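Hello,

I am passing on the structure we talked about. Please look it over before reading the notes below.

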Amino acid sequence: MPEVIFNGPAGRLEGRYQPSKQKNAPIAIVLHPHPQFGGTMNNQIVYQLFYMFQKRGFTTLRFNFRSIGRSQGEFDHGAGELSDAASALDWVQSMHPDSKSCWVAGYSFGAWIGMQLLMRRPEIEGFMSIAPQPNTYDFSFLAPCPSSGLIINGDLDKVAPEKDVNTLVEKLKAQKGILITHKTLPGANHFFNGQVDTLMGECEDYLDRRLNGELTPEPAAKRIR
């Protein structure tokens, strides 16, 4: 798993990168929790998501947002971090021009950044949003949400209460042409203490089903001219 340094909008960004043996393999980018609350690319959940995609043949990257580890720059309340994520995707795509599709997985703050990246990049065909915080961050930009994906949270999450996540999910589920899969883990808090294996099992199951062609949405009704 090579350590990489690539250029971001505010200076160099530090990452861990594992290319697939297949030139046209899909790309996966994994985004870490809040930089000012201990979030780094070596977070246990971020690390496990990285290996989940790698084991399934993806070209995979996780990286430190600006100001974390060897990444340069200062925390920018989300705007700069979104630019970091876009630069990270640009960098991987420049290395793998034959890759046509991409997934993004984010945990907590990273889930918010990942969903914004999804709106900007049409090649992102799947997402995993783990413990998103619609009570803290504005998700109204998902209008409409362009891709199907997984939203997963714990019913004991005090950082992102279950009722707020449910409200976000219901809003997204009403949209045609995409399929939102929602899982609530009983007894799990925001950090999935003692539940990381259960969390990863759900993520792996979802990814395998998507890769097998399952969980496809019903096509949106065509407009009558």
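The notes below cover the sheet and then the helices.

This is a predicted model, in which local features need pLDDT of at least 70, side-chain atom pairs count only at pLDDT 80 or more, and totals for chains, interfaces and linings use all residues. Residues are numbered from 1 along each chain as its sequence is written, and side-chain values use heavy atoms, with hydrogens and water left out.

The sheet is open and has 8 strands in the order E1-E2-E4-E3-E5-E6-E7-E8, with mixed pairing. Strands (E, at least two residues) and helices (H or I, at least four) are DSSP runs numbered from the N terminus; two strands pair if DSSP finds at least two bridges between them. E1 (3-8) and E8 (180-185) are the edge strands, each with a single partner, so one side of each has no neighbour in the sheet. E3 (residues 27-31) pairs with E5 (residues 102-107) in the parallel sense over 5 bridges, and Ala28 stands opposite Trp103 in E5.

Helix H5 (residues 196-211) packs on the sheet and touches E5, E6 (124-130), E7 and E8, where contact means heavy atoms within 4.5 Å. On the H1 side, Gln44, Ile45, Gln48, Leu49, Met52 and Phe53 meet Val196, Leu199, Met200, Cys203, Glu204 and Leu207 in H5. These residues divide into 9 nonpolar, 2 polar and 1 charged; Ala, Val, Leu, Ile, Met, Phe, Trp, Tyr, Cys and Pro count as nonpolar, Asp, Glu, Lys and Arg as charged, and the others, Gly among them, as polar.

Regards

Key. Axes fitted to C-alpha atoms, helices over the stretch in contact; angles between N-to-C directions.
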